[in-house]
Amino acid sequence: MRRRSLTGTAAVFMSAGGLAAALLGAAPAGAVTGRPVITLDTPAPVALPAAPATADVHFEFQTTAKNLRADDATLTVDARGLSKIAKVTFSHNCTAEGLVATCSDEFESDSSPTTHMGAMTGLTLTPLKGAALGAVGTYKVTGRSAHAQIVGGTGKVEVGGPSFGLDNLTDHTDLKVGSTVSEPVRFSNVGNRPAKGVQTVLAASPGLDFADHYANCKYGSNGTIHFAECYPKGAIGIGETAALAAPVRLHVNSAALYTYLDTLTAPLGRPGWPDDQGIKWTWGKGATLGLKVIKAGRRSSAPAGSVSLPQTGEVTAYRIASLKARNTADFGVTGAGAQAGQGKNATFAFRLTANGPATLYDRSGGEGVPTVRVTLPAGTTAVGHSANCSPWQVNNPTAEAHGPYVCGPPDLVLPKGKVTGFTLTLRVDKVVTHAKGGVQVVWGPDPSHSHRPAFDPNSRNDSAALTLN
């Protein structure tokens, strides 16, 4: 079974390769009458490092067909176009005859409008001895299945390439709301070919605004993150160290608390991040952002490239700066009341509210957001709950029947004014006049060991009653 791939803003902040791949997606081909369609995302071009290092090629597909299962898929990879530049090794699910492989695969979609699916099929490429830097080859992917039409595509591979190693950014703490902070961006070409140029993508999390808007940068937002995609002029030679001519200046606004600047610097022409997200871009006005050479590179007869080599070790084109502001973010709960006779059900609707002023932006995967601990009124048994609630001890019959329950927001970004509603349905086993349960804001992965964060000093709205009869 092919698991659904990670996409969207939840994948924004991964490693450089994962980040770009998660946010890069080709639109599916037009619908074909008859069987549902599974479409190969356009393969990203690959640059081969010097032997004995290798480059791996993975394939991603997508479909708009819901609840589709194609467990009989066969992918054919024709790599004869790589015969002059690379040794090709196919994945374990393939049977190869020379440079053509037939591979058994399977795909499964869910009920989403579009499902992204990774394939088991892949390639490992090693450059041939004597292959010239800049030499190019191609491969072709086709497929078939009785359950779907598989639309393939063609990928490109070239020998060698530039590779940018981005210096560490500077973390900041105790930033004052209203202040402006600067982040220099400096990098080196550690590859074996010059780069035709540079493109730098900057992602500012909630609470940060770009203080400068350059004429050769375009700006946009996906609703949570503000992006700047800049194209400073200048080729980058092998071994050259350069920097953006001016540091990135960020304004710390009233929503700032835990904020971040994500930076990706890549050879000009690199496909992807954060394009194809439907972002409406606007070009800046005014000055042009340039490059300044810190250390000159060396001359090379190799043609300049736009496809980055695979990055290994400590070399990375992607860095994150953490910028923590001196600010508060208040969270509170609202209780509820209900009435029901013995043997009847009562449903309680209660809420968690982000009162701000700061936006809580959790990049820990959910451990840093508030949750609500729910205690049931006496004489009741839980018989239903909303999607974001569950018994504290799952598969414990006592907890499932009598609690406590834990309810959490579905989002990791909680701006001022964000209200998350929950429901819990209880059966009245015994009528107790004015029976009281409660809801309580708790923090951390273990509600029984909650620790109040310094950014939420107001405890007055942390608890409320659930009153029955």
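C103 is buried, with a relative accessible area of 0%. In this predicted model, its disulfide partner is C94, and the two sulfur atoms lie 2.0 Å apart. C94 has a relative accessible area of 16%. That value is under the 20% cut-off, so C94 also counts as buried. The S-S torsion of C94 and C103 is about 105°, so this disulfide is right-handed.

The structure holds three disulfides. Another of them joins C217 to C230, with an S to S distance of 2.1 Å. This pair links distant parts of the chain, 13 residues apart. C217 belongs to strand β18 (residues 217-221), and C230 to strand β19 (residues 226-230). The torsion about the S-S bond of C217 and C230 is about 115°, so the link is right-handed. C217 is buried at 0% relative accessibility. C230 is buried as well, at 4%.

A disulfide is also formed by C389 and C407, whose sulfur atoms are 2.0 Å apart. C389 lies in strand β32 (residues 389-391) and C407 in strand β33 (residues 405-407), so the bond ties together parts that are 18 residues apart in sequence. The link of C389 and C407 is right-handed, with 110° about the S-S bond. Both C389 and C407 are buried. With the bonded cysteines numbered in sequence order, the pairing is 1-2, 3-4, 5-6.

Charged pairs were examined next. Side chains of opposite charge can pair when their charged atoms come close. A search of the whole structure finds 13 salt bridges. One of these joins R249 to D212, with the closest N and O atoms 2.9 Å apart. R249 sits in strand β21 (residues 248-252), whereas D212 lies in the loop between β17 (208-210) and β18. The pair thus links distant parts of the chain, 37 residues apart. R249 is partly exposed at 34% relative accessibility. D212 is partly exposed too, with a relative accessible area of 21%.

E158 and K156 meet through their side chains in a salt bridge (3.7 Å, N to O). E158 is buried at 7% relative accessibility, whereas K156 is partly exposed at 37%. A network of salt bridges links K156, E158 and R193.

A further salt bridge brings together the side chains of D456 and R452 (3.8 Å, N to O). D456 is buried, with a relative accessible area of 0%. R452 is partly exposed, with a relative accessible area of 37%.

How values were computed
Residues numbered from 1 in each chain as written. Predicted model: local features only at pLDDT ≥ 70, side-chain atom pairs only at ≥ 80, totals over all residues. Heavy atoms only, no water. Disulfide = S-S within 2.5 Å. Buried < 20%, exposed > 50% of the residue type's maximum accessible area, 1.4 Å probe, protein only. Helix = DSSP H or I, 4+ residues; strand = E, 2+ residues; numbered from the N terminus. Salt bridge = Lys/Arg side-chain N within 4 Å of Asp/Glu carboxyl O.
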